[in-house]
Amino acid sequence: AGRDKEDLVVPTSGGRYDVHLKKRQRVAVYWEEEVSEVRRCTWFYKGDKDNKYIPYSETFSEELEEAYMIAVTLDEWKKKLESPSREVIILHNPKLMVHYHPVATSDDWGSTPTEQGRPRTVKRGVENIAAEIPNGEPLQIDHLVFVVHGIGPACDIRFRSIVQCVNDFRNVSLSMLQAHFKKAQEQQQIGRVEFLPVNWHSSLHSTGVDVDLERITLPSINRLRHFINDTILDVFFYNSSTYCQTIVDTVASEMNRLYQLFLQRNPLFKGGVSIAGHSLGSLILFDLLTNQKAAPEEDERSEEGARTTSSNRGTEDVKEILKKLELSEYGDVFEKEKMDRQALFLCTEKNLKEMGIPLGPRMKILHYISSKAEMQVCLLHGLCSSRSPPTHETKPNLPLSQVSANYPQLNYKPTIFFAFGSPIGMFLTVRGVKRINPNYSLPTCKGFFNIFHPFDPVAYRIEPMIVPDLEFEPMLLPHHKGRKRMHLELKEGLTRMSVDLKNNLLGSLRVAWQSFTRAPLPAVEAASTDAEVEAEAEAGVEKQPDTKPEETPAAVKEEPSLINVGRLNGGNRIDYVLQEKPIESFNEYLFALQGHLCYWESEDTVLLVLKEIYQTQGITLDQPLPGSQ
């Protein structure tokens, strides 16, 4: 039927490929990929060592079908056909058809087909062929996720492209949906999440920069130098204003293009859009998101919220500032004038003089205000820095020392931003940002998750930049099958046991030392003394962990989920660490590279992504995993 029409196009693989039936070609929709051949399969062959049937070409299948129909009609078998590659097929009867390998000298020596090795089995039709044909992906798409790669063209330890790695991520997500969202699937509440790759490396390296680099690259250790030029230099390109502009333009325009194309092909799609970045890709997305412009009504809403917050604490903040400047006696004056923190920073010397503040205190207050003004560039983005402002001109809406570029706007507001193995924290620190304002959130994206493997050498934390005065561990990602990995439980149990033994031993030694150094008491008071010693011994054992808090395990320092880490992720935790596998715990350095490239096939990572995405739709896991937030 496809041949009679102009060109019938059938979407396959969840709509990511189109099959052109007339041309017999499969074409990728969202990314560039070599066109692959499509066959209409009617005749197959299989050798002794083959584990599956292989289809003949359509042209030769038609010849086989014609010979088969003549044999059936005339009941004349033992038909012999020769394939284009001089292979011989003999139709003995409807149930026995064989395919012989070609032999170069068979015609010269007159050998018969039976002398040419073990034949292959030939089969007509697909009946009784044990082929694992997948059922296909759910048609309903609930959410769209764009995935941006890091440095270089290869994204994992097998040197595969971003398309192949995202395919793995998508396949893992389908299996996780079946395992952990079965009830929602059965009730037809959910379909699936679509993941689409975003490639910027090829656009960057098609600018002609590779030719310029080749001209200056030394000829020695050629492969290593080529690898560095193709991968590591991407970091330096991003820190160059010229090539940074190329990268951010490519990423933003590609995501906007993919979004529009996806909506054209899925007109009924009503779900949200999230973005994910691996390695340098996460930094590119973070810079893009910090430079997005929120809608005016959202700006007003956020300013109103900020005003409400400041009105509650404004006067108290001013009193704290005055106390810091040793000017607490003027607190009543500022309170009478209803001065909050914002109003204080708008004050001029004339205003303070009119309030009756003497010259000395005026100078102190004005110096404090001017010293804080140098951080206003960063405060616009919620980022605080103790560095002095740069002498060169910077854009007022950029974080300090951020690469100067015109950041494009996205055509949608991302629901969540996922960062895998991300160096965002390190780059912010290198740019001079020492602290992130707890009240800061990304202008158009309210969710942010920083996910990393414990041995990933490129990954850095975010939360200590928001809460620098408190030491606490990142959230441990629960295993997708529940509970911790056995070797981690064993390690934690041994740590807790050693701490308990140490505390008990120290408590006993303390009691013995107190008994030894105590002055002798009358015999009448011996009974009460023993009771006191026992009470002190119990108290000593209980107090011992408090006397040396550094000896308690890190896991029990602070309840991890109760820590306030600001608004960057809507008040929820940001840093999430994967559990290393047992074999990885033997040598951290050996598995460091694998740790940076493990996210594409990590069930734990995929499950967190699905859990957070569907939580925005009010859909939860069938059974909550232990330790999850």
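Predicted model: local features only at pLDDT ≥ 70, side-chain atom pairs only at ≥ 80, totals over all residues.

Is Cys598 buried or exposed?

Modeller: Cys598 is buried, with a relative accessible area of 14%; the cut-off for buried is under 20%. Cys165 is buried as well, and its relative accessible area is 0%. The count of disulfides in the model comes to 0. A disulfide is a covalent bond between the sulfur atoms of two cysteines. Here the pair has to lie within 2.5 Å. For Cys165, the closest cysteine sulfur belongs to Cys155 and is 4.9 Å away, which is too far for a bond.

Next, the sheet. Seen in order, the open sheet has 7 strands, β12-β11-β13-β15-β17-β19-β18, and the pairing is parallel. Strands of a sheet pair through backbone hydrogen bonds, either parallel or antiparallel. Within this sheet, β15 (residues 416-420) and β17 (residues 447-452) are joined in the parallel sense by 5 bridges. One of the residues involved is Ile416, whose bridge partner in β17 is Gly447.

Helix α22 (residues 603-615) lies across β11, β12, β13 (272-278), β15, β17 and β19 (575-577), and runs at about 170° to β15.

A further residue to look at is Ile424, which sits in helix α17 (residues 424-430). Ile424 is buried, with a relative accessible area of 0%. Beyond its neighbours within four places in sequence, Ile424 is in contact with Ser282, Leu283, Phe286, Phe417, Ala419, Phe448 and Ile462. Ile284 is 140 residues from Ile424 in sequence, yet their C-alpha atoms are 9.1 Å apart in space.

Strand β1 (residues 9-12) pairs with β2 in the antiparallel sense over 4 bridges, and Thr12 stands opposite Tyr17 in β2. The two strands form a hairpin with 4 residues between them, and Ser13 in the turn has a positive phi of about 50°. β2 is also joined by 4 bridges to β3 (residues 25-28), and these two run antiparallel. In that pair, His20 stands opposite Gln25 in β3. β2 and β3 form a hairpin too, with 4 residues between them; Arg24 in the turn has a positive phi of about 55°.

In a regular strand the side chains alternate between the two faces of the sheet. From β2 (residues 17-20), Tyr17 and Val19 point one way and Asp18 and His20 the other way, and all are buried.

Finally, the whole chain. The protein chain has 22 helices and 19 strands. Buried residues make up 42% of its 629 residues. Of the contacts with a separation of 6 or more, 69% are between residues 24 or more positions apart. The protein chain exposes about 35,800 Å², and carbon and sulfur atoms supply 54% of that area.

Technical notes
Residues numbered from 1 in each chain as written. Heavy atoms only, no water. Pairing = 2+ DSSP bridges. Contact = heavy atoms within 4.5 Å. Axes fitted to C-alpha atoms, helices over the stretch in contact; angles between N-to-C directions. Buried < 20%, exposed > 50% of the residue type's maximum accessible area, 1.4 Å probe, protein only. Areas by Shrake-Rupley, 256 points an atom, 1.4 Å probe, with all protein chains shown as cover.
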